[in-house]
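Please work through the following exercises with the sequence and the structure at hand. Each task is followed by a worked solution.

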Amino acid sequence: MGKMYRCRYLAHGLYIHYDCFRHCHLSIHSPNERNNNYIVPYTGPKDKADWDTVFATKNKLVKEMREGEIPPFCKGCHWIEEFDENSSEQFLSDFDNYLDMLWIGHTNECNANCIYCFSFQEILENRTVKGYDIFPLFKELLDKKIYNLEKAPNAHISFAMGEPTIMKNFDDIIKIFAQYGNKHFALYTNGIKTSKMVLNVLKREDVDIRIVISLDAGSREVFKKVKKVDKFKETCNTIKDYAKAAKNPLGLGVKYIIIPNVNDTKEEIDRWYDLCTKQLGVKYIIADVEEKWFVRQNGEVPEYVKDLLKYIRQKSLDDNIAFEFYDRALVLNL
């Protein structure tokens, strides 16, 4: 038998977009493949969620991947796993019809205008999409155990588009899933607004929340170039408050996205690193490469960018600071 592949995101993940459901949040950043990642339309409570089609589509793709065929929108993704026929039995649950990973992306409202924003064209053209009432969908997912915390106690919710802390009913979204027993949340935020809900969750030992803030600068001037807003001080204050509140030091990661010709110097990286680790109390550092540029380069990253990534890693290792390469940097295998 030839190669066999799987992806747990493809089997059990769902990206809730403002006009449809998609398999995951990763391939939507590739403009040529967004249509292939599309499952069924969904624009809010007036629509009936077609779960039969959702799971039939997923099962078809799971089967094809077991036969060695990777969907076009998945090719090159580092979450694809290769396995052989001797281990296939342990992955039979990939055909079970339940979800254990939700990405919430039904709005793109934001209080920043980051130059690397990789969301949909609506953001790039300054069109704001206001989210619909998502609670009826959540209630259906939980009541019908489509989002199944019994089969997958480590299921998690991610906020994947726009700025979640300004999202209508952000606090209530956290509450409703926590009430049903959901323990794991991932929050990708610019940190401009400090959320009291996030502060409270960070202090709890029975709930696991992973927060990632992309600061991307060690100075106000470079921050304004990246974010197109003058909120450097506010973001630093949020990071400091979250770091102080976190029971788990890995609950807050601060990221540096290297953007060629904007923040790609050791001097700016040093300012950012020292600010985070010596002034703001950060104990978890993340490094990445700007995605739109990375895609245009077909993943061919110049040596100086690789050196900067390795420089951040080495500084973290030397100081015993937790470190992670993120999506683009991860696939470089540095």
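The model used in these exercises is predicted.

**Exercise 1.** Determine which partner Val254 has in strand β11, and describe how β10 and β11 are joined.

*Solution.* Begin with the two strands: β10 covers residues 252-258 and runs parallel to β11, with five bridges between them. Next, follow Val254 across to β11, where its bridge partner is Ile285. Finally, trace the chain through helix α9, residues 266-279; together with β10 and β11, this helix makes a right-handed β-α-β unit.

**Exercise 2.** Identify the strand that four bridges join to β11, and find the residue opposite Ile286.

*Solution.* The strand is β12, residues 322-325, which runs parallel to β11. Within β12, Glu324 stands opposite Ile286.

**Exercise 3.** Locate a cluster of aromatic rings and two charges placed over rings.

*Solution.* The structure contains 13 aromatic pairs. Ring pairs connect Phe21, Tyr42, Trp51 and Tyr132 as a cluster. For the charges, Arg6 lies over the face of Phe91, 4.0 Å from the ring centre. The charged end of Lys266 is found over the ring of Tyr311, at 4.7 Å from its centre.

Notes. Residues are numbered from 1 along each chain as its sequence is written. This is a predicted model: local features need pLDDT of at least 70, side-chain atom pairs count only at pLDDT 80 or more; totals for chains, interfaces and linings use all residues. Side-chain values use heavy atoms; hydrogens and water are left out. Two strands pair if DSSP finds at least two bridges between them. A crossover is right-handed if, with the strands pointing away from the viewer, the path from the first strand over the helix to the second runs clockwise. Rings of Phe, Tyr and Trp (its six-membered ring) pair if their centres lie within 6.5 Å; planes under 30 degrees apart count as stacked, over 60 as edge-to-face and the rest as tilted. A charge sits over a ring if NZ of Lys or CZ of Arg is within 6 Å of the ring centre and within 35 degrees of the ring normal.
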